[in-house]
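User: Please take me through this model. I want each term set against its cut-off.
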Amino acid sequence: MEVTQVLLNAQSIDGAVRKNAEESLKQFQEQNLPGFLLLLSGELVNEEKPVETRKLAGLILKNALDAKDQQRKVELVQRWLLLDGNAKSQIKAGLLKTLSSPVSDARSTASQVIAKVAGIELPHKQWPELIGSLLSNVHQLPAHVKQATLETLGYLCEEVSPDVIDQDQVNKILTAVVQGISASEGNIDVRLAATRALYNALGFAQANFSNDMERDYLMRVVCEATQSPDVRIRQAAFECLVSISSTYYEKLAPYIQDIFNITAKAVREDEEPVALQAVEFWSSICDEETDILEEYGGEFTGDSNIPCFYFIKQAIPALVPMLLETLLKQEEDQDQDEGAWNIAMAGGTCLGLVARTVGDDIVPLVVPFIEENITKPDWRQREAATYAFGSILEGPSPEKLIPLVNVALTFMLTALTKDPNSHVKDTTAWTLGRIFEFLHGSAVDTPIITQANCQQIITVLLQSMKDTPNVAEKACGALYFLAQGYEDVGPSSPLTPFFQEIVQSLLTVTHREDARESRLRTAAYETLNEVVRCSTEETAPLVLQLVPVITLELHNTLEGQKLSSDEKEKQSELQGLLCGCLQVIIQKLGSSESTKYVFMQYADQIMGLFLKVFACRSATVHEEAMLAIGALAYAAGPDFAKYMPEFYRYLEMGLQNFEEYQVCAVTVGVVGDICRALEDKIVPYCDGIMTQLLKNLSSNQLHRSVKPPIFSCFGDIALAVGEYFEKYLMWAMSALQSAAELSTHTTGDDELIEYINTLRNGILEAYSGIFQGFKNSPKTQLLIPYAPHILQFLDGIYMEKDMDDVVMKTAIGVLGDLADTLGSHAASLIQQSVSSKDFLNECLSSEDLMIKESAEWAKLAITRAISV
Amino acid sequence: MAPHDLRRPFKRAAISDQQKRRDLSLLRQAQNRRDAQQQARCLASSILSLQSSAPESEPEQSDIEIETEHDSEDLSKDLDVRRVSKLRGPEVRKWFARQLMLPEWMIDVPDRLSQDWYVLARPAGKRCFVVSSNGTTVSRQRNGSILHYFPSALPAGAKTRDGSGSAQSYCILDCIFHESDQTYYVIDMVCWNGYSLYDCTAEFRFYWLNSKLEESGACNVPSHYHKFRFSAVPVYNCDQTGLYAAYSGAVPYVKDGLLFYNKHAHYQSGNTPLVLVWKDENCSQYVIDTDGKGEIPSQQQVVLELQDDGKLVTSDDPPVLFCCLDGDIIEKSGLQSGNLLRFAIGDGGLSFVDGKLENADLIYLGKSNRARAFADSYSKVIFQFMVRHSPLKIDDLLASINSPDDQEKIPSDIEMVG
């Protein structure tokens, strides 16, 4: 194969040529992988080849080693590990050689590929000489080789986990990198590469950050780099500081004053990319401190060993004025630009984080700024003052904020209608939303919305929904939180008199020509949903009237034929919003017997539409319609059976949708809804459902988060069909057993432990459903052989001492179900288990009522089982 | 290496409404799953569907009845929900009528009285099942008829504003309604807050009864949501002190004998020898059976069932044979198998050999009242007979506890003399 030509063709503007070239590359790759990869690395290293083909060769090489998709990635790694050793050596040698190329693109490509190979090989203790040879490169004379090598080390640190490289080599890497950054290095490109490499290498420097001298040195080098004449180096150096702020928070105390000075100067004087990083440093410190303080506030377990240094609290007298200054640097049209991110936005965001961190202390520092600027003729000052106010509404106590809000509210309502500047109106509406979000609701003692001002607030918000899309969207948001605050207001809501008007205005917004801008239509439907969710019995007839309206809208989306892909996307988005809205309405009306009864007259029509929406086939719609169908099944009960023949194939499709795992998860949940609705009428569909669920469990392509709900779903099915579940018992139990074995012990981070607990809960819910399903059946004895293992699982997770409350409740319930169903057959097994003693006693004395109740049930069931 | 993106959410709520919809769906599903699970755990939940009928007008019941009913063969001893849920109207009444546990009469002192038995002073009044579910409470008498239909503080017993009457919850209590203080005295707990205690020992049931009843607020004075007061009856270990306390201790109600519960016995529908009733004049106004006019007949009367082969038997399972009627007499008098016949016990009385009934001097009085469903039980006939001739006295009971060989005592029937 004439590889250079093919690679050139693969970048041709002529589609046919390009396709042809891609085809032959693919063919070659499939026929002879080692040969193909060798050819590519040969192209990359060859100084006589054109730069474009060298780059593309490197890129294809890289893609042969790594993929975003986890499954594919594992395959690629395996393939590389099994590849012929000679070929690999040759490829690697070529890659290393390319680092010395005079062509910068070739070097850069090679360094990325080297890092990928290292990512695969180093954990397997292969390519041991790599780091040594890279380090020797650093001492080479030509600057471009140094630069490429440092870049490679940076990529390598990104790819490889720290425990794979021993401390001695880490020390050498860090030394090389830090030398590259320091002022003694004359070449700017080398310094930049070294600074960027340090960003990735910081994760390797645990030991070095614990050593005072080494840490001082590292910090000095980074801080010096923030003063570099090159803007890229300054930016990279601040990125290092941001990373240090979260990774080594507890080591920062000696440096924090210097860092403040450096960041303050950068925020005020430096170019925006650098200033943004400087602000981010403080945002990141806020994140750290709120996390620590949250842990303090929660159950103090004693194993949080990072103390809070209250850097933010100490810094606010200087930090807050600095942030307030940034607020005045707005860009003209930032509210219309989805992708905008500037110093004013970053500064305001940081101000909000500071308020969350220090609470009341921020208020006196910000109020003078608000008072001074809010009435100024320059819109920038009014907007900055409003934004500052909105930013500090989360964190300080209501006692501190409510007096301010009471003064400001009327002013804000006037600004929202009268201010000539759209930017100010946008921020004002957003601030009103924040006021309602944090200071309105049953948790707040003194209401800020009263009979006296409620009417005015609503009138202004509804008026603003006719403003420009971005302002209207914020007004919808404010109304969302206004409604939310009346969530548990009781049988009579202050919103009742306005309900009709609010709904009408929101529907009008959804029909605006420009409703697709600034996600206005989405916001309008979301607010409508919240208004419905928070409505009371008084307005149930009005919610009911909404059913034919939304149904008609959904019907209208089905009209168009032969849509372009853009139109299809718009159609599917709108269908998603409408199905979502119907879901909320169905759930609301279905929750009370009287409204459910009236609602059900629309059920056939709505279900018909959902099926048509499925026929349009689009993932998001699929999910929203599926969610809505779950709510419908719950409301319809056994009557849902009549929809099953037509609906079943979509249910199956949903269960097969591995790629969009959310869709799969939602469908699994709907199977549960249908089980409870149909009970044994689901039997005809069980074979198909169980087959698919078991298939899903055994697949390693399916996102792990779907597996626990699948287990719970086994329980739903067993409970619905009773002893008919016998058919699937062996398969289900074997899947449950292997999952139980895997989830008895937990090792790993909090996230993994949380997942394991979710998994345990799913497994236990399955056991509960199966036991209860078989209760009172002559086939109960089929379960006896599984009892020892299940009790062992319960004992195992009890002994592990890392159950969360939900698992505890489900687990002790399973013990009761086992005793209840198996009775005397399991009496001696139960008495031998730890669960029936220590675990049960622990649960009986639990403060959690749900756990206690389950435990009392278990105690009763066990008493009966062993007394027979 | 490109600079790292540091944009943070700007003027945006942290959570999307779509995510909220998903989360709320999951929440609803979890709640529904919990309810379904709870319903499965609570055996008798389908009783709920039986509770909807309004109070029926019922024939008057005499205050005190001597326990005479027996189980019909096709009744399972447990609460079979699947079957019960299919019952309607009068069948419901019949079903409830068969659920009460009926004590035998104490005609001899059981073994290990002080170790294995509880004693309590039985309140005088209407024996009934009190069932709370779905926000109402219904009390049903032994024949299944409704006594009261009322709100109570029992779990699921009233439609309170906080909606605490969850659909799955219900209670079944074995009570005696005491007219003068309008109080339900709870003598046993069959189901509590959805959980069946049928298969639990008396020891456990009484423990549960004492801790839960008070906790529920059912013992509080009546109020809008709680029309009648409930009260637990003091239960004693049947040692000397306990027996004496139950016999002579002051209680706020009129006593009608003593009830003895075997600690290890489960709640069981119908007659059981593991619960016993005993009376004397001191602790009951109704020791000797009265006739329809409320007077004590000069001769003891018994009701027996006529079988195919002319045998006259009691309601026990297996039935105890009293004597045989001549085929001629049956034919002449037009009696049929299954008829309940009333007899007086003549001067010949009852005679026993080795503790077994040997001979009975019966005088035929006629067919029994049509309202009677069952013949007398053996223990009732014997107890009544003993009361008239050689009663089992409280001192005998106390003495049996006192006797040093209490634990080894061999069971023996008391000698009867005609």
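Analyst: Contact means heavy atoms within 4.5 Å. By that rule the contact takes 81 residues from chain A and 42 residues from chain B. This is a predicted model: local features need pLDDT of at least 70, side-chain atom pairs count only at pLDDT 80 or more, and totals for chains, interfaces and linings use all residues. Residues are numbered from 1 along each chain as written, chains are lettered from A and ligands numbered from 1 in written order, and side-chain values use heavy atoms, without hydrogens and water.

User: What makes A:Glu530 and B:Lys20 a salt bridge?

Analyst: A salt bridge needs a side-chain nitrogen of Lys or Arg within 4 Å of a carboxyl oxygen of Asp or Glu. The closest N and O atoms of A:Glu530 and B:Lys20 are 3.0 Å apart, so the pair qualifies. The rule finds 11 salt bridges across the interface of chain A and chain B.

User: How much area do chain A and chain B bury between them?

Analyst: About 5300 Å², with 52% of it on carbon and sulfur atoms. Buried area is the accessible area (1.4 Å probe) that two parts lose on being put together, summed over both. In chain A, the residues losing the most area to chain B are A:Trp341, A:Leu860 and A:Arg864, together 12% of what that side buries.

User: Why is B:Gln384 called buried?

Analyst: Buried means under 20% relative accessible area, exposed over 50%, partly exposed in between (1.4 Å probe, protein chains only). B:Gln384 has 2%, so B:Gln384 counts as buried. Leaving aside neighbours within four places in sequence, B:Gln384 is in contact with B:Val287, B:Ile288, B:Asp289 and B:Gln300.
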